[in-house]
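Dear colleague,

Please find below the structure that I am handing over to you. My notes on what was found in it follow directly after.

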Amino acid sequence: MNYYLAMKLDLVGSRKLPNRSQAQEKLVTGVNEVNRRFASSLAAEFIVTHGDEIQGLLFPDAHKATWDIVEFFIDFLLPIETRFGIGYGSLSTKLQKQAIGMDGPAWYRAQQAITNAKRERATIELAGFGEPWDRTATALGNLLCCLRMRWTEQQRRVVKLLEEHGTQRIVAELLGISNAAVSKHLATAEWRHYQRGREALLLLLAQGTLRL
């Protein structure tokens with residue numbers, strides 16, 4: 001039996017947004033970018049299912065890509081807040097090219113996860129890995145999302161360049177600021193703690209999928 005990672009996303013308070021149509025257009029742009037950037041990790045392409053809701057299906061070993069997609073949508077859609085439900089499980093229908101027209105435990109769990117996240121006013125919930133993986137990964141995932149959503153635009157820029165180029169010196173040169181300024185941005189963003197927390201979350205997801 002094949003297992004997958006199903007992801008659902010919606011925009012928090014979308015009906016109250018002053019420019020809802022613009023937010024929906026931006027969501028479509030983000031979906032297209034994710035499908036391009038993460039094509040090798042997708043079992044079925046992300047698709048907009050309603051005006052402000054999307055879903056996609058990833059291969060079971062695509063733990064890093066799954067979290068990278070969460071990070072991408074958080075950054076891309078801010079200041080609009082996002083909510084995620086991730087479910088791990090099998091399909092009861094044939095795999096499709098796009099993430100629509102399918103059914104099975106992976107989708108049930110993703111839907112239940114995002115419903116629970118909405119009820120708990122949380123950013124993300126994960127389901128289907130078993131306990132204590134579900135509860136622990138959900139708690140850690142929310143802490144990471146909460147921290148990331150508080151970053152300033154400059155902090156995001158510094159973190160992005162650091163991940164791309166690897167050294168603070170290069171980041172400083174690219175931004176035209178001092179090494180000390182780069183270090184301060186990273187420290188204020190709690191980047192070291194975020195990085196370690198992300199590594200721990202990916203390990204949890206890997207362990208949860210391997211045990212089933």
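Two strands are taken to pair if DSSP finds at least two bridges between them. Helices (H or I, at least four residues) and strands (E, at least two) are DSSP runs, numbered from the N terminus. Please note that this is a predicted model, in which local features need pLDDT of at least 70 and side-chain atom pairs count only at pLDDT 80 or more, while totals for chains, interfaces and linings use all residues. Residues are numbered from 1 along each chain as its sequence is written, and side-chain values use heavy atoms, with hydrogens and water left out.

The sheet

The model holds an open sheet of 5 strands with mixed pairing, in the order β2-β3-β1-β4-β5. Its edges are formed by β2 (42-50) and β5 (124-127); each has a single partner strand, so one side of each lacks a neighbour in the sheet. On average, neighbouring strands are turned by 15 degrees against each other, direction ignored. Axes here are lines fitted to C-alpha atoms, for helices over the stretch in contact, and angles run from 0 to 180 degrees between N-to-C directions.

Strands β1 (residues 3-11) and β3 (residues 53-58) run antiparallel and are joined by 6 bridges; K8 stands opposite Q55 in β3. β2 and β3 also run antiparallel, with 5 bridges between them, and L42 has L58 of β3 as its bridge partner. These two strands, β2 and β3, form a hairpin with 2 residues between them.

The helices

Helix α1 (residues 20-37) lies across β1, β2 and β3 and runs at about 175 degrees to β2. Helix α2 packs on the sheet as well, touching β1, β2, β3, β4 (82-90) and β5, and its direction makes about 160 degrees with that of β4. Contact means heavy atoms within 4.5 Å.

The axes of α5 and helix α7 (residues 179-188) come within 9 Å and cross at roughly 105 degrees. That makes α5 roughly perpendicular to α7 (angles under 35 degrees count as roughly parallel, over 145 as roughly antiparallel, 65 to 115 as roughly perpendicular and the rest as oblique). On the α5 side the contact is made by Q154, Q155, V158, V159 and L162, and on the α7 side by V182, H185, L186 and T188. The residues of this contact divide into 5 nonpolar, 4 polar and no charged. Ala, Val, Leu, Ile, Met, Phe, Trp, Tyr, Cys and Pro count as nonpolar, Asp, Glu, Lys and Arg as charged, and the others, Gly among them, as polar.

The largest pocket

A pocket is an open set of points on a 1 Å grid over the protein atoms alone, where a 1.4 Å probe fits, with protein on both sides within 12 Å along at least five of seven lines; lining residues have an atom within 4 Å of a point. Grid points are joined across faces, edges and corners, and a volume is the space filled by probe spheres set on the points. The largest pocket holds about 610 Å³ of space. It is lined by 21 residues, of which R37, D75, R148, K160 and E163 are the closest to its centre. Helices α2 (63-77), α5 (153-165) and α8 (191-210) each supply at least two residues of the lining. The lining residues comprise 6 nonpolar, 1 polar and 14 charged.

Backbone details

A cis peptide bond joins L78 and P79, with omega about 10 degrees; P79 lies in the loop between α2 and β4.

Yours sincerely
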